[in-house]
Amino acid sequence: MARVKKNRSLRGQMSFIILLCWLLPMVLAAAVVGGYLTLGLGRQNRQAVTEQFQLNLQMGADRVESAVEASRLPSYDPEFRAGWNQYLRDHEYALLYRRYYTLFNRLYQSDSRFRYAVFSAAEDPEAMSITVVNGSSGLLSTRQVQEQWRSDQPAVMKLAGGLDTSVGFLKRGGEVYLVRNLMDSDYQPVGVLALALDLPYYFEDLSLLPWVSSVSVELGGDTVLPIKGDALSGTGDETLDVTVGNRDFILRGRAEVDYSVLLAGFGAYRYVLGAMALSLLLLLWFTFRFFRRKISRPIDALMGGAADIQKGEWGRQIGCDAGSREFEYLAASFNQMSAQLQNQFTRLYQEELARKDAQIKALQAHINPHFLNNTLEIINWQARMSGDDRASRMIEALSTVLDAALDRRGQPEVCLSEEMLYVDAYLYIVKQRFGQRLTVDVQLPEDLMGYRVPRLILQPVIENAVEHGVGPAGQGRVSLRGFRQGEFLILEIENDGGLSPRDEEHISRLLSPNYDMAGEPSGNIGIANVNLRLRILYGPGCGLSIRRGEGSAVIARLTVGCDSSCDFSPTRTDNK
């Protein structure tokens, strides 16, 4: 015996969920904040600080990379090579100066990344020098830059001598130079380009970090730049050492972290946590009160009413102050369904009484078919005694058709072989009527006789074929054939009576899935009944269809589902 699982009440489950959703987050928040305040930032926060510092350092590296790319611009400018080639031909320094001054002024005078730019020709660095000052700052004059450059030039030229085509960085006093050799098309040095970097543009993001007390960066391996505070003193809570770089340079940043700055805003957090806990408890109390009044009580009333109906109190009505539109609707629906249930049981009881009376009358009515069969037997015996074999056979055929119509065994489906007994009996009677004017051709393979078909499914269709195929013309032909097609048994009845447009319209209406036989004369519902029975028994894919054939032929096709079969032995005999 299967064990039935007993579920907990909805009230208990919702109470558990509410407590879990309110109290558990509050306890977890208290634990997390306590641990946060006790242990400081913890490993995760230290990682976040490191990642933020690395991100800012990477931003500075990207800006330095953009400066490196800007230093390559003269090498790709056609004016640079054209001016140098002209100088090699004419040795006119004044012309070279004007062309190069215009070029460098266009490239660097408005570039906020550089304080100024100096180009010194390789042939005579001291005499052939071009200075371009960034005009956007307004802090430096050309004379000040030239004085600074005279003191810094030897060191810059020394650094450039070992660079080849790479770049280098040099810190001299308060200036940091990006140094590059500019080559001609044969990779011979034309001169040295020195770009004075505007350090706040590159590393201001590092200096703005509030939780670092001192920051320095190492550019190019040996150029150390203090960005914030003095040199690293080792007095911070933790020292960050991060390195980023690319193919042109390596940028190393070091910073001392002051965790007291990060924790400065958490002093009053315990009071905030206490206020949150108090508000959560009050909200929890209001939630339980709301749940009890708006949900728990209406559910209890509905459950009580359902239990009473289960005990047999049909028509049980509940009344409660639901307090919500949804539960008012549920209560009204419950009362309505309970009243309908009482009405249904009352009606079923009355229908059961009527059915009992109908069964008694049906048992009494069985006298009539038995009386009819007995009467036919007497008439048949009298015909045989008189030597009228034709009348005797007609009476036997009629008795077979009546037996099929009465269905005293209560079998809605029969074997096709038994169905053909009824068809043969009907055809024998019809042949007696039409004589030589009617030709009947039956082509049914023996292997189909074991399939089950609905009782009296062929006779109405054959009757329709005879009436429309022979009646109007005075003579005609009716063919019956069958075959298996996949999961279906196909039975076709063909006559040569033809179809008029009016007949097609009438047939289309009779075979429509939505056809209502209630208002149809009894003489027209035979094929509609066949179609409806097939669709109900075997599904929409089955049924009856009537269509034109070749010439005046009319073909009625019955599609029957082959879902069952019966034992068959060929016992069918044709009435002659």
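In this predicted model, helix α13 meets helix α14 through two sets of residues. Glu 419, Val 423, Tyr 426, Leu 427, Val 430, Arg 433 and Phe 434 come from α13. Their partners in α14 are Gln 459, Ile 462, Glu 463, Val 466 and Glu 467. By class, this contact holds 7 nonpolar, 1 polar and 4 charged residues.

Two packed helices are described by the angle between their axes and the distance between the axes. Helix α13 spans residues 416-434, and helix α14 spans residues 459-469. Their packing angle is about 20 degrees, and their axes lie 10 Å apart. The helices therefore count as roughly parallel, because the angle falls under 35 degrees. The crossing of α13 past α14 is right-handed.

Ser 71 belongs to helix α2, which covers residues 42-71. Its relative accessibility is 1%. Ser 71 is therefore classed as buried, the cut-off being under 20%. The side chain of Ser 71 forms a polar contact with the side chain of Arg 180, at 2.9 Å. Arg 180 is also among the residues that Ser 71 touches, leaving aside those up to four places away in sequence.

Asp 124 sits in a loop. This loop runs between strands β1 (114-121) and β2 (129-133). At 34% relative accessibility, Asp 124 counts as partly exposed, because that value lies between the 20% and 50% limits. Asp 124 and Gly 191 are 67 residues apart along the chain. Their C-alpha atoms are separated by 9.0 Å.

Technical notes
Residues are numbered from 1 along each chain as its sequence is written. This is a predicted model: local features need pLDDT of at least 70, side-chain atom pairs count only at pLDDT 80 or more; totals for chains, interfaces and linings use all residues. Side-chain values use heavy atoms; hydrogens and water are left out. Helices (H or I, at least four residues) and strands (E, at least two) are DSSP runs, numbered from the N terminus. Buried means under 20% relative accessible area, exposed over 50%, partly exposed in between (1.4 Å probe, protein chains only). A polar contact is a pair of N or O atoms within 3.5 Å; within protein, one must be able to donate a hydrogen and the other to accept it, and residues adjacent in sequence count only if both atoms are side-chain atoms. Contact means heavy atoms within 4.5 Å. Axes are lines fitted to C-alpha atoms, for helices over the stretch in contact, and angles run from 0 to 180 degrees between N-to-C directions. Angles under 35 degrees count as roughly parallel, over 145 as roughly antiparallel, 65 to 115 as roughly perpendicular and the rest as oblique. A crossing is left-handed if the near helix is turned anticlockwise from the far one by less than a right angle, and right-handed if clockwise. Ala, Val, Leu, Ile, Met, Phe, Trp, Tyr, Cys and Pro count as nonpolar, Asp, Glu, Lys and Arg as charged, and the others, Gly among them, as polar.
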